[in-house]
Amino acid sequence: MVIDRLVSIEGQRFNRRSVLLLVSSDSFQRQLNRGPIYHPFIFAMSTQILILGSGGREHALAWKLAQSSLVKHIFVCPGNPGSAKNQKTSNLDLPLIHPYSDLVDFAVKQKIDLVVPGPEDPLVLGVEKCFRDVGIPVFGPTKLAARMEGSKAFSKAFMHRHAIPTAKFRTFSSSQLKDATDYVQTCGHPVVLKASGLAGGKGVLIPSSIDEALQGLRSIMVDNAFGSAGDEVVIEELLEGPEISVLAFSDGYTIIPLPAAQDHKRIGEGDTGLNTGGMGAYAPAPVATPAIMDRIMTESLRPTIDGMRKEGFPFVGLLFTGFMLTADGPKVLEYNVRFGDPETEALMMLLSDDVDLAAVLLACTERHLDSVQINTRSGFSVSVILVSGGYPESYAKGKPIQVGEVPSDVVVFHCGTSISGNDLVTSGGRVLAVTCSAPTLEQALAQVYAAVDKISFEGKFYRRDIAHRALTSSSQAPSNSLTYAQAGVSVDAGNTLVETIKPYVRATKRSGADVEIGGFGGIFDLKATGYKDPVLVSGTDGVGTKLRIAVDAGIHHMVGIDLVAMSVNDLLVQGAEPLYFLDYYGCSKLNVATAADVVKGIAQGCQQAGCALIGGETAEMPGMYQDGDYDLAGFAVGAVERSSILPRADIMPGDVFLGIASSGIHSNGFSLVRKVIEMTGLSYSSACPWDDQKTLALSLLEPTRIYIKQVLPAVHQGLLKGMSHITGGGFIENIPRVLPKGMGASIDASTWQLPPVFRFLMQRGGIAPLEMARTFNNGIGLVLIVGREDVDRAVQVLRETADAAVYRIGEVTDKSGVEMRNLECWSPQ
C-alpha cells in the first residue's frame with residue numbers, strides 16, 4: 001500500500017512516499033497509546049537523510065546509517081571521497097553557510113526527512129530552526145540549547161545552578177584583566193584557562209605556573225589569541241584523574257549513554273606535545289566502571305537533561321560530555337552538543353548490528369527515545385588517526401594516498417581527503433581514521449595497526465600507543481585505595497551546598513543571632529532579645545508523607561516552609577516567640593539543587609516566623625534511602641516570659657473557641673490524601689480539580705500557615721488563655737490537649753465554610769464527616785481559647801495583624817471530649 005506525501009498519525013505529519021507496513025490492530029493501538037508513531041513502525045526504505053559536514057565523523061555516521069532498512073538515500077554536504085563510496089550515499093556541493101538557504105531549498109525539493117549536523121558551528125548558529133521552519137526535523141539541539149557548547153560561561157553557570165559536579169570556576173569578560181589576574185594569584189589552586197566561545201577545539205590553555213597563567217590571560221584577553229571566542233574567559237580549577245568522553249542520545253526527556261570512550265589529544269606518544277583534534281580513541285574505557293557510569297547518569301547526565309528542559313531549552317540530539325574522574329568522583333569538564341571526533345568512528349563500530357541508527361535518531365526527534373533499543377557489541381573498538389606531517393601546526397596538502405588490502409573487519413573512515421584527478425590525496429591535518437572492533441582490546445589494536453601498515457602517504461604520522469591507558473595494570477585493576485567519594489559520600493557536594501544556602505540563611509538574621517553557618521554549632525544570644533525572666537520552649541517535627549508528593553512532583557521549597565511551620569506553631573501554643581531554628585536533611589545521595597531548594601523554603605519559613613536559621617545537619621547516607629528521596633526534621637527554640645506561659649490556669653466552661661483559617665491541608669493526613677488521589681487516577685501534574693489555575697501538586701503542597709505574626713500580639717496583650725495547633729488527629733485529638741481535666745469542647749462545623757480541597761477528599765474518598773474531623777484541619781489551622789469578655793478585642797487584634805480569616809467556632813464545656821455539631825453541613829447537598 002503506497003501513501004503519497006502526507007500521513008497524519010496522532011498529530012504527526014510524515015511527508016514523502018512511504019511503504020506502509022501491515023501490523024495487527026492490537027499492536028498498532030498499543031503503539032498509538034505510547035505516543036506519536038515513528039518511522040520504523042510504518043516506513044521501509046523511504047527515509048532520506050542529509051548529513052552536514054566533511055570529516056571522519058560524518059563518514060562514520062553515513063556508514064552506519066546506510067545499514068538501516070529505513071534509509072533510501074543519504075546526502076552528505078560537502079562530504080568526502082569516503083562518504084561517496086556507498087551506493088546509498090552521495091556528496092553534495094552546496095555552501096554550508098548560515099542561513100543555509102541553498103541547503104534548505106535542496107532539502108525541501110528532495111523531500112529530506114531528517115537533517116544530521118556533524119560539526120558544532122551550524123548548531124550554535126541555529127541550523128535547527130532553519131530546517132524546522134520548513135517542517136524538516138533536525139537531529140540536533142536548538143540554538144538556545146547549543147549554548148551548552150557555544151558558551152563555556154553559560155554552561156558552567158548552568159552546572160552551578162543545577163549542582164552538577166564540575167571544577168570550581170570564575171568567569172571574566174575581556175575587560176576584566178585585573179580581576180582575572182587577581183583571581184589567578186589568590187585562588188590557591190592550579191588553573192585552566194578557557195575561551196568561552198567556539199575556538200575550533202583550541203581555546204584551552206593549561207599553564208604550569210602562575211606566570212604562565214598570567215601570560216595566557218594576556219594572550220586571550222588582550223592579544224585576542226582566540227578572537228571573539230575570548231570575549232569571556234572561564235578560569236577553572238585544574239582537575240586531576242583519567243579523562244573520558246560520554247556520548248549520549250537524548251530526546252529531551254530520556255537520555256541513553258553509549259559506552260565511555262577515551263580520546264588521545266596530544267600529538268606525541270605518552271600524551272606529550274601539542275594538543276590536536278584527536279589522535280585516536282577507544283571504547284569502552286575500562287576506567288569507566290559500572291559504578292562510575294551510574295554516578296555519571298544520576299549526578300550529571302540526568303540533571304543536565306532535566307535542567308535544560310525545565311529552563312525552557314530541552315536538548316534533542318547527541319550530548320557529548322567530557323568527564324574527569326577525580327578522587328571525589330566524575331566531574332564535568334565540558335559539554336559538546338554533537339557527535340565527537342574521533343570517538344564517533346570507534347562508537348559506530350561498537351554498535352550492534354541490530355541497532356538501526358536511523359530509527360534511533362528519528363525517535364529522538366519525535367520525543368520517544370525510550371521506545372528503541374541501543375545495544376553494543378561485547379568487546380572493544382579502536383580508532384587510530386593518521387595525520388599529515390607537521391600537524392597540528394602547518395602541513396602540506398595534496399599528498400597521494402595509497403590504501404592496500406586491509407583486514408576485512410577494519411573500516412577506514414576519511415577525515416581529510418579529496419580527489420585530485422584520479423588520485424586520492426590528503427586535504428587536511430587529520431587524514432584517515434582506521435577503525436576496528438574485536439572481542440578484546442588487544443585484537444582490535446592488532447587489526448588496526450595491521451591496516452595502518454597497508455596505508456601510505458608522504459609525511460604519514462600516527463601514535464603507536466592508542467589505548468595505552470587501558471593496557472596498563474593501573475587502569476585494568478581498580479585501586480586498593482578507597483576514598484569517601486567512592487563510598488558514595490561527596491564532601492565537595494556538601495561544601496557546595498553550604499556556599500549555596502548562605503545567602504538564604506543570612507536573610508533570617510535577627511537580634512541574638514549572626515546566622516553565619518559553617519561552624520560546629522549555632523550560637524544565640526538570649527540576652528540580646530530583651531527578655532526579663534524567660535523560659536525556653538522547644539519543639540521538633542517533620543513533614544510526614546507530604547514529602548512523597550514533593551519528591552514525586554519535583555517541587556521542594558514548599559516543604560521547607562512546612563518544616564518550620566510545624567515546629568514554630570507548636571511553640572506559639574505555649575505563648576512563646578520563636579528565636580531560632582535548626583534543620584536536619586537526610587538522603588542517600590546529596591543533590592545540591594534539591595537540598596538548596598528545601599533550605600530556601602526553610603529560610604522563608606524562618607522569615608515568616610521571625611526566627612533565625614542558625615544551623616542544620618545534612619546527612620548523606622548511601623543505601624539508607626531510595627535514589628532521589630530525602631527526609632526532613634526541624635527543631636525550634638522559643639522564649640516566653642514566665643508569667644505569660646500558655647495555657648493559663650483560668651480556662652473555664654463558657655470560654656470561646658476562635659478558629660483561624662488554614663492555608664490548606666497543612667502537613668498532616670497525607671497518607672490518606674495520597675490514597676484518595678490514587679483512587680481518582682489523577683497525577684500530580686494534572687489540573688487541580690478545585691483550582692484550575694494550579695496543578696494538583698502545587699495545590700496539595702501549599703505550605704502550612706505560620707501564625708506567629710498574627711497571633712503573638714494577642715498573646716502579649718494577655719487576650720488568649722490557650723491555643724491548640726490542629727495537626728494530625730484533627731479537632732478530636734488536638735483540642736483536648738490544651739484543656740484542663742474534666743473539660744471539653746463543643747465545635748460548630750457550620751460556622752465556617754469547608755474549603756474545596758477537603759470537600760473533594762471527603763467526596764472522592766468516601767470519608768465520613770467525623771473521620772474528617774479526627775484526621776484533617778478542615779480549614780481551621782489554629783484554635784484559640786478566649787474569655788467571653790475578651791472575644792471582640794481578640795478578634796480585632798487578630799484581624800489587624802494578618803489576613804487569615806478568624807471565626808467563632810464553639811466554646812469550652814464541662815464535659816470531657818469534643819462534640820462536633822452540624823457536621824451534616826459538610827456533606828454534599
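This is a predicted model: local features need pLDDT of at least 70, side-chain atom pairs count only at pLDDT 80 or more; totals for chains, interfaces and linings use all residues.

Colleague: Okay, sheets. In what order do the strands with β5 in them sit?

Modeller: That open sheet has four strands, ordered β7-β6-β5-β8, and the pairing is parallel. At the edges you find β7 (89–91) and β8 (114–117), each pairing on one side only. From one strand to the next, the twist averages 20 degrees.

Colleague: How many bridges join β5 to β6?

Modeller: Seven bridges connect β5 (residues 47–53) with β6 (residues 71–78), and the two run parallel.

Colleague: Which strands does helix α3 touch?

Modeller: Helix α3 (residues 56–65) packs on the sheet and touches β5, β6, β7 and β8. The direction of α3 makes about 170 degrees with that of β5. There's also helix α13 (residues 357–365), which lies across β5, β6 and β8 and runs at about 100 degrees to β8.

Colleague: And the sheet with β9, is its pairing parallel or antiparallel?

Modeller: Antiparallel. Four strands make up that open sheet, in the order β9-β12-β10-β11. Its edge strands are β9 (169–173) and β11 (204–205), each pairing on one side only.

Colleague: What joins β9 to β12?

Modeller: Five bridges, with β9 and β12 (residues 232–237) running antiparallel. R170, for instance, has I235 in β12 as its bridge partner.

Colleague: Which strands does α8 lie across?

Modeller: Helix α8 (residues 152–161) lies across β9, β10 (191–195) and β12, at about 45 degrees to β12. Helix α9 (residues 177–186) packs on the sheet too, touching β9 and β12, and its direction makes about 160 degrees with that of β9.

Colleague: Switching topic: how many aromatic pairs does a search of the whole structure find?

Modeller: It finds 16. One of them is F139 with F249, a tilted pair at 6.2 Å centre to centre, with 50 degrees between the planes. That pair links distant parts of the chain, 110 residues apart: F139 is in the loop between α6 (127–132) and α7 (147–150), while F249 is in strand β13 (residues 243–251).

Colleague: Is F139 buried or exposed?

Modeller: F139 counts as buried because its relative accessibility is 3%. F249 is buried as well, with a relative accessible area of 1%. Together with F339, F139 and F249 form one aromatic cluster.

Colleague: What about F758 and F776?

Modeller: They're a tilted pair too, 6.0 Å centre to centre with 55 degrees between the planes. F758 sits in helix α25 (residues 756–765), and F776 is in the loop between α26 (769–773) and β37, 18 residues apart.

Colleague: Which residue lies over the face of Y462?

Modeller: R464, at 4.8 Å from the ring centre. Elsewhere, the charged end of R147 sits over the ring of F313, 5.0 Å from its centre.

Colleague: Last one, α27. Which residues are buried there?

Modeller: In α27 (residues 791–801), the buried ones are V791, A794, V795, V797 and L798. They're on the same side of α27 because they cover an arc of only 165 degrees around the axis.

Colleague: What covers those buried residues?

Modeller: The cover includes β32 (656–661), α23 (708–716), β37 (780–786) and β38 (806–813). Turned away from the buried side, the other face of α27 carries the exposed residues D792, R799 and E800.

Note on methods. Residues are numbered from 1 along each chain as its sequence is written. Side-chain values use heavy atoms; hydrogens and water are left out. Buried means under 20% relative accessible area, exposed over 50%, partly exposed in between (1.4 Å probe, protein chains only). The arc is that of the directions from the helix axis to the C-beta atoms. Contact means heavy atoms within 4.5 Å. Two strands pair if DSSP finds at least two bridges between them. Axes are lines fitted to C-alpha atoms, for helices over the stretch in contact, and angles run from 0 to 180 degrees between N-to-C directions. Rings of Phe, Tyr and Trp (its six-membered ring) pair if their centres lie within 6.5 Å; planes under 30 degrees apart count as stacked, over 60 as edge-to-face and the rest as tilted. A charge sits over a ring if NZ of Lys or CZ of Arg is within 6 Å of the ring centre and within 35 degrees of the ring normal.
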